[in-house]
Amino acid sequence: MKNQKLIVDSKKIGFPIKIFENQYLEEALKGHFYFGSLEQYADIEKLTKDHVIGDLNEGKIVSEIEANAIWAREVGQKNPIRIDNHHRNNKVTIKYGISRKQLKQIGALCFSFLSLDDFQSFKKEGTKTYFKLKQEALDKVQNFLSLKEKSTMAECSLVLFNPNCFFKVLHDENLSFDWVHYYDHQDPMTLYDNQKLGIPSYFYKSQEYAYQRELRVVSKLSCKCKGEVKTIEGLSGKKVSLNYLSRLVLIIEGYEKLD
């Protein structure tokens, strides 16, 4: 019987990291994490124009398309009615997602994820292939850290999490999580694909945020506020430097490039 090759998603192999403001670092290392409401992050951009922490379209998929004409008809009818375009242009914006009420009720805890796609092979020994982070990935982490410090006006630190413990805890605590899907808002197929796959819209963000490499954990908020601190037992990490990340090595046994 021939050995079967295991096909895995390269985007889901790697290490979770998170940038914390130093004033919250000690509590975070003890497993106390802040879940901010999706409404809060939407309001941050709306009120402050902050594009790092804030996102006006939190919980929504926004599709901007061009249309020569727009028609509407009821189900079963054969004669559609043309809808006048009072703005005298052919651009249409469609927003699909959760309600404002739901934005208040759902809290998000956001990590970054350094996946296999961010690594490059540099050595091979027998059946083992060694990988290190690409300089491009390190530069983007550095840039994200700088943007976060500028946005919060506070010193921040990087924390690295053991992926085995990390995902086990999320499963054990029955927390909903997913890698954020970054999309082109000028591609109308995103709406179709989302409805077909049934992935909640709060796991989608515009591709302008792709540098954040977000892995998002969501939880229902228990109080009427902008967010709350939740304790997640076992979800602990360690503070690391960018230099440490540059020396991080991923080793894969039996690695074979198929393309």
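Does Val-249 count as buried, exposed or partly exposed, and at what relative accessibility? I checked this in the predicted model. Val-249 comes out at 36% relative accessibility, so I noted it as partly exposed; buried would mean under 20%.

**The sheet.** I placed Val-249 in strand β17. That strand belongs to an open sheet of three strands, ordered β8-β9-β17, with antiparallel pairing. β8 (119–125) and β17 (249–253) are the edge strands, each pairing on one side only. Neighbouring strands are turned by 30 degrees against each other on average, direction ignored. I then looked at β8 and β9 (residues 128–133), which pair over six bridges. Ser-121 stands opposite Phe-131 in β9.

**The patch.** Val-249 also turned up in a nonpolar surface patch with Phe-122 and Ile-251. Together they have about 250 Å² of accessible area.

**Salt bridges.** I found 17 in the structure. Lys-205 pairs with Asp-55, with the closest N and O atoms 2.9 Å apart. Lys-205 lies in strand β13 and Asp-55 in the loop between α2 and β3, so the pair ties together parts 150 residues apart in sequence. I looked up burial next: Lys-205 has 4% relative accessibility and counts as buried. Asp-55, at 6%, is buried too.

**Around Arg-216.** Glu-58 and Arg-216 meet in a salt bridge at 2.9 Å, N to O. Their positions, in the loop between α2 and β3 and in strand β14, are 158 residues apart. Arg-216 also bridges to Glu-214, at 2.7 Å. Both Arg-216 and Glu-214 are buried. Last entry: shared partners join Glu-39, Asp-43, Arg-100, Lys-104 and Lys-226 into one salt-bridge network.

Note on methods
Residues are numbered from 1 along each chain as its sequence is written. This is a predicted model: local features need pLDDT of at least 70, side-chain atom pairs count only at pLDDT 80 or more; totals for chains, interfaces and linings use all residues. Side-chain values use heavy atoms; hydrogens and water are left out. Two strands pair if DSSP finds at least two bridges between them. Helices (H or I, at least four residues) and strands (E, at least two) are DSSP runs, numbered from the N terminus. Axes are lines fitted to C-alpha atoms, for helices over the stretch in contact, and angles run from 0 to 180 degrees between N-to-C directions. Patches are made of residues with over 30% relative accessible area and no salt bridge: like charges are joined within 9 Å, nonpolar side chains (Val, Leu, Ile, Met, Phe, Trp, Tyr) within 5 Å. Accessible areas come from the Shrake-Rupley method with a 1.4 Å probe; for residues, only the protein chains shown count as cover. A salt bridge is a side-chain nitrogen of Lys or Arg within 4 Å of a carboxyl oxygen of Asp or Glu. Buried means under 20% relative accessible area, exposed over 50%, partly exposed in between (1.4 Å probe, protein chains only).
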